[in-house]
Amino acid sequence: MYDFKPDPDLDPAERYRQLCDAAEALTSGESDGIANMANVAALLWEFVPDLNWAGFYRMGEGADGSSELVLGPFVGRPACIRIPLGQGVCGAAASEGKTQLVEDVHAFPGHIACDAASRSELVVPVLRAGEVVAVIDLDSPRPARFNEADARGLEKLAALLADRI
């Protein structure tokens, strides 16, 4: 059994360094991407305070053959299963290939409210060979919960996972 419990008083840079170390330990040598996403979703829940959702959306194929995001492993309340590219915060991150740091989701055009309690969101694309293969999605019930330090830390995690999910 693994027990990854960060000190609650860590500064964000050290918190994300330890998160990446834990993710490295859990995913190194494991070829199953779903298992790796599941463990990392649990790590995110343990390491990042003030969350009400933490997990992944994977690139998939819609009924019409177009690319879209499909729900992956997560911790939190039930979520939207499919998200079209370009829609909502996750769809924007996937279509643009860029981190989306949203202080107030209600002010984000086209926000998809899977959980009405969410107030802020951070979504980071996972890129493999320049292509988005998934996004990491964090939601918080606290407005403006996420900042640039969170974004940079999650981007490092996404880079670590690029060939493991």
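Me: Hi! Which residue in β2 does G60 stand opposite?
Reply: In this predicted model, G60 faces E68 of β2.

Me: Nice. In what sense do β1 and β2 pair, and over how many bridges?
Reply: They run antiparallel, with eight bridges between β1 (residues 53-61) and β2 (residues 67-76).

Me: And the turn there, which residue takes a positive phi?
Reply: That's G65, with a phi near 90°. The hairpin of β1 and β2 has five residues between its strands.

Me: What about β2 and β3, how many bridges do they have?
Reply: Three bridges, and the pairing is antiparallel, with β3 covering residues 82-84. V70 sits opposite R82 of β3. β2 and β3 also make a hairpin, with five residues between them.

Me: Switching to helices. At what angle do α1 and α4 pack?
Reply: At about 15°, and their axes lie 9 Å apart. Here α1 is residues 12-27 and α4 is residues 148-161.

Me: So are they roughly parallel or antiparallel?
Reply: Roughly parallel, because the angle of about 15° falls under the 35 degrees cut-off for that label.

Me: Is the crossing left-handed or right-handed?
Reply: Right-handed, as α1 passes α4.

Me: Which residues meet there?
Reply: From α1, you have P12, Y16, L19, C20, A23, E24 and T27. Their partners in α4 are A149, D150, G153, L154, K156, L157, L160 and L161.

Me: How do the residues of that contact divide into nonpolar, polar and charged?
Reply: Ten are nonpolar, two are polar and three are charged in the contact of α1 with α4.

Notes
Residues are numbered from 1 along each chain as its sequence is written. This is a predicted model: local features need pLDDT of at least 70, side-chain atom pairs count only at pLDDT 80 or more; totals for chains, interfaces and linings use all residues. Side-chain values use heavy atoms; hydrogens and water are left out. Axes are lines fitted to C-alpha atoms, for helices over the stretch in contact, and angles run from 0 to 180 degrees between N-to-C directions. Helices (H or I, at least four residues) and strands (E, at least two) are DSSP runs, numbered from the N terminus. Angles under 35 degrees count as roughly parallel, over 145 as roughly antiparallel, 65 to 115 as roughly perpendicular and the rest as oblique. A crossing is left-handed if the near helix is turned anticlockwise from the far one by less than a right angle, and right-handed if clockwise. Contact means heavy atoms within 4.5 Å. Ala, Val, Leu, Ile, Met, Phe, Trp, Tyr, Cys and Pro count as nonpolar, Asp, Glu, Lys and Arg as charged, and the others, Gly among them, as polar. Two strands pair if DSSP finds at least two bridges between them.
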